[in-house]
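Work each one from the coordinates before reading its solution.

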Amino acid sequence: MKRLGRGAAELLAIAEDLRHHDIELQLLTGPLQGVYDPSGHGAALFAFFAGMAESEREYIREKSLEGQASARERGRHGGRPKVVDDDMAAYARSLRTNGVPVPQIAQKLVITSGKNKGEHPSVATVYRILAEEADSTK
């Protein structure tokens, strides 16, 4: 069941494709062992598989969301650590206000912590800092 599709829609599309090409499903082991025609009894089997796949997908989603909420409660947040602190962002904004081009601003800034310590942030990071400031003033 897990190898056939990731959700009900995908499993039903596979069943329709099998039906269109007159391909039968053969289960080699387990309690449902046998050959199933997608247009006959196999249709019910695929509907069952689709329901189970959708149920399992929803269960995995719920557990993932619970895990993220639990991590947030413990003070852990996903994603990469921030490269730019508030002082660096303020300096970048002041340089931009003075008309300094963004690539030059990126060369003037230096990352103070993390694995990229001592390097310059990317131009995209500087644009993001400046955009965040513009969004907060609206």
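**Exercise 1. The faces of H1**

In this predicted model, the buried residues of H1 are Ala8, Leu11, Ala15 and Leu18. Find how they are arranged around the axis, and which element they pack against.

Solution. 
- Step 1. The cut-off here is over 50% relative accessible area for exposed, and under 20% for buried.
- Step 2. Check the length. Helix H1 runs over residues 8-20, 13 residues in total. From first C-alpha to last it reaches 18 Å, close to the 18 Å expected at 1.5 Å a residue.
- Step 3. Identify the partner: the buried residues of H1 pack against helix H2 (41-73).

**Exercise 2. The span and contacts of H2**

Compare the end-to-end distance of H2 with the value expected at 1.5 Å a residue, then list its buried residues and the elements they pack against.

Solution. 
- Step 1. H2 has 33 residues, for which 48 Å is expected. Its first and last C-alpha atoms give 49 Å, close to that value.
- Step 2. Sort by accessibility: Gly42, Leu45, Phe46, Phe49, Ala50, Ala53 and Ala71 are buried in H2.
- Step 3. Search for contacts of these buried residues. They pack against H1, strand E1 (25-27) and strand E2 (34-36).
- Step 4. Consider glutamine 68, which also has its place in helix H2. Its relative accessibility is 44%, so glutamine 68 counts as partly exposed.
- Step 5. Relate glutamine 68 to glycine 78: they are 10 residues apart in sequence, and their C-alpha atoms are 8.2 Å apart in space.

**Exercise 3. Positive phi after helices**

Which residues that follow H1, H2 and H3 have a positive phi?

Solution. 
- Step 1. Recall the background: most residues other than glycine have a negative phi.
- Step 2. After H2, glycine 75 takes a positive phi of about 85°.
- Step 3. After H3, glycine 99 takes a positive phi of about 90°.
- Step 4. H1 is followed by aspartate 22, whose phi is positive, near 50°. Aspartate 22 is not a glycine, yet it has this positive value.

**Exercise 4. The faces of H3**

Solution. 
- Step 1. Test the helix geometry. The 12 residues of H3 should span 16 Å at 1.5 Å a residue, and the end C-alpha atoms are 16 Å apart, which agrees.
- Step 2. List the buried residues of H3: Met88, Ala89, Ala92 and Leu95.
- Step 3. Look down the axis of H3. The buried residues fall within an arc of 125°, so they line one face of the helix.
- Step 4. On the other side of H3, Asp86, Asp87 and Thr97 are exposed.

**Exercise 5. The largest pocket**

State the volume of the largest pocket, then describe its lining by residue, element and class.

Solution. 
- Step 1. The largest pocket holds about 440 Å³ of space.
- Step 2. Its lining has 18 residues, of which Lys82, Val83, Val84, Thr125 and Arg128 are the closest to the centre.
- Step 3. Assign the lining to elements: helix H3 (86-97) and helix H5 (123-136) each give two or more residues. The largest share, 4 residues, comes from H5.
- Step 4. Sort the lining by class: 7 residues are nonpolar, 4 polar and 7 charged.

**Exercise 6. A contact along the chain**

How far apart are the C-alpha atoms of glycine 114 and proline 81?

Solution. 
- Step 1. Locate glycine 114: it is in the loop between helix H4 (102-108) and H5.
- Step 2. Classify it: with a relative accessible area of 58%, glycine 114 is exposed.
- Step 3. Compute the separation: glycine 114 and proline 81 are 33 residues apart along the chain, and their C-alpha atoms are separated by 7.9 Å.

Conventions:
Residues are numbered from 1 along each chain as its sequence is written. This is a predicted model: local features need pLDDT of at least 70, side-chain atom pairs count only at pLDDT 80 or more; totals for chains, interfaces and linings use all residues. Side-chain values use heavy atoms; hydrogens and water are left out. On a 1 Å grid over the protein atoms alone, a cavity is a set of points where a 1.4 Å probe fits but cannot get out, and a pocket is an open set with protein on both sides within 12 Å along at least five of seven lines; lining residues have an atom within 4 Å of a point. Grid points are joined across faces, edges and corners, and a volume is the space filled by probe spheres set on the points. Ala, Val, Leu, Ile, Met, Phe, Trp, Tyr, Cys and Pro count as nonpolar, Asp, Glu, Lys and Arg as charged, and the others, Gly among them, as polar. The expected span of a helix is 1.5 Å times one less than its number of residues. Buried means under 20% relative accessible area, exposed over 50%, partly exposed in between (1.4 Å probe, protein chains only). The arc is that of the directions from the helix axis to the C-beta atoms. Contact means heavy atoms within 4.5 Å.
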